[in-house]
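Please keep the viewer open as you read.

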Amino acid sequence: MSDRDALEEDLVSRARKGDADAFRQLYDRHVGGVYALIRASLRDRDMVDDVVQMAFVRAWDRLGKLRDDAAFRVWIRQLARRIMVDEIRKRRVREADSLEENEEIGNVAVDPAPAPGDALGRSETAARVRDAVAGLPAHQREVVTLHHLDGIEVKAVAEVLDVPLGTVLSRLARARATLQRKLGGMMNEGMEG
Amino acid sequence: MSAMTCDEARKRILELPAGEAPEDLASHLEQCADCARAYESQRALDGLLRAVGTPPVEADLWPAIRSQLRPRRLTWPWVLAPVAGVAAGIGLALLFASPTVAPTSGPAPLAAVAMAAPAEHGADDLDEDAQIIAWHARAAAGTGLFDPSSMAITLISLTQGGSELN
């Protein structure tokens, strides 16, 4: 077990006993991934915020039911996605296939603390990549967000999305084929550099 | 086993999880320059996506989340176990005792049950609660009289109490 995993298990254990500071650290570790996953399917930012908040509050309430402390990473994303699906049903505002506004994507992609000199190139690269991902169909966007951007293994992606592994791999293949076409030039630059 | 075709290799490359070594593809990639290029291109895309990572979260959601975190309470099984023990003791006492509870020289069933509670459960956070129950039990054993109203109030206060958040 890595130090990171051991620390995570310790944080989960402490949070289960009522340690809100430990839960804050879990929040800091996972809010980026949870937020990106929900944002991959919803355009309404207020609703994204609501779902992420509800996910962490529910995680706090149900932490006692989590049997494997090491599984928090997958569990919190599962929880968030289920809440999102419920909220969509409630509010009847399914937007899974809608594209993000380009301007919004640009804002999201801006590095808040860019390195001097390299700032423009890095932020433009990130913006282009996130723009390309945002242009994928919703199911492919979720898989790419979880696996590539958030670093979740494909088996765990299948758990989060509650679909067979084969479905994850086929969505991944289609998404990559599209991204290859959209970002081909950028990758060649990277490979040559 | 037949050799892998280029179509099969391309499908496998696209499905290959990021960071996984393509052991089953190795021999094909050694012999096919086009598929080898496709593989390298795929690795480059994977690296680019990983480097970009998840977008920053724009809003600080923690204050709103923190305000909704409920304090942890004693879980019901832990609370109910001593209560159930005391109730069982009372039931046994009523079953075997005469209509008027007489003083006894040894500990009453209630006292025995209540005083055993902390050792049975071994929970640090229940020590104080168990001591209060034991106090009632000792009082009942010493006087031969049991004060059900006082005991009930104590039990209710215990079940409604909970530890505060850190």
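The report below goes from the chains to helix packing, then to single residues and cysteines.

## Ground rules

This is a predicted model, so local features need pLDDT of at least 70 and side-chain atom pairs count only at pLDDT 80 or more, while totals for chains, interfaces and linings use all residues. Residues are numbered from 1 along each chain as its sequence is written, chains are lettered from A and ligands numbered from 1 in the order in which they are written, and side-chain values use heavy atoms, with hydrogens and water left out.

## The two chains

Chain A has nine helices and zero strands, and along the sequence its pattern reads α-α-α-α-α-α-α-α-α. In chain B there are eight helices and zero strands, running α-α-α-α-α-α-α-α from the N terminus. Helices here are DSSP runs of H or I with at least four residues, strands are runs of E with at least two, and both are numbered from the N terminus.

How much of each chain is buried? In chain A, 52% of the 193 residues count as buried; in chain B, 33% of the 166 residues do. Buried means under 20% relative accessible area, exposed means over 50%, and partly exposed lies in between, using a 1.4 Å probe and protein chains only. Taking contacts between residues at least 6 apart in sequence, 65% of those in chain A join residues at least 24 apart, and for chain B the share is 62%. A contact means heavy atoms within 4.5 Å.

## Helix 1 against helix 2 in chain A

Two packed helices are described by the angle between their axes and the distance between the axes. Helix 1 (residues 3-16) of chain A packs on helix 2 of chain A at an angle of about 135°, with the axes 8 Å apart. That angle makes helix 1 of chain A oblique to helix 2 of chain A. The axes are lines fitted to C-alpha atoms, for helices over the stretch in contact, and angles run from 0 to 180 degrees between N-to-C directions. As for the angle classes, under 35 degrees is roughly parallel, over 145 roughly antiparallel, 65 to 115 roughly perpendicular, and the rest oblique.

The crossing of helix 1 and helix 2 of chain A is left-handed; that label applies if the near helix is turned anticlockwise from the far one by less than a right angle, and right-handed applies if clockwise. On the helix 1 side, the contact residues include A:Leu7, A:Leu11 and A:Val12, and on the helix 2 side they include A:Phe23, A:Leu26 and A:His30. By class, this contact between helix 1 and helix 2 of chain A has seven nonpolar, two polar and four charged residues. Ala, Val, Leu, Ile, Met, Phe, Trp, Tyr, Cys and Pro count as nonpolar, Asp, Glu, Lys and Arg as charged, and the others, Gly among them, as polar.

## Helix 2 against helix 3 in chain A

Helix 2 (residues 20-39) and helix 3 (residues 45-62) of chain A pack at about 140°, with axes 10 Å apart. Helix 2 and helix 3 of chain A are therefore oblique to each other, and their crossing is right-handed.

Among the residues that meet here are A:Tyr27, A:Val31 and A:Ile38 from helix 2, and A:Val48, A:Phe56 and A:Trp60 from helix 3 of chain A. The contact of helix 2 with helix 3 of chain A has 14 nonpolar, one polar and three charged residues.

## Places to click on

A:Arg16 lies in helix 1 of chain A and is partly exposed, at 26% relative accessible area. Beyond its neighbours within four places in sequence, A:Arg16 is in contact with residues including A:Leu63, A:Asp69 and B:Arg72. A:Arg16 and A:Asp61 are 45 residues apart in sequence and 8.9 Å apart in space, C-alpha to C-alpha.

Helix 8 (residues 154-161) of chain A is largely enclosed by the rest of the structure, because six of its eight residues are buried. Those buried residues include A:Val154, A:Val157 and A:Leu161. Just after helix 8 of chain A, A:Asp162 takes a positive phi of about 60°.

## Cysteines

How many disulfides are there over all chains? The count is zero, where a disulfide is a pair of cysteine sulfur atoms within 2.5 Å. The sulfur of B:Cys32 is 3.6 Å from its closest cysteine sulfur, in B:Cys35, which is too far for a bond. B:Cys32 is buried at 13% relative accessible area, and B:Cys35 is buried at 0%.
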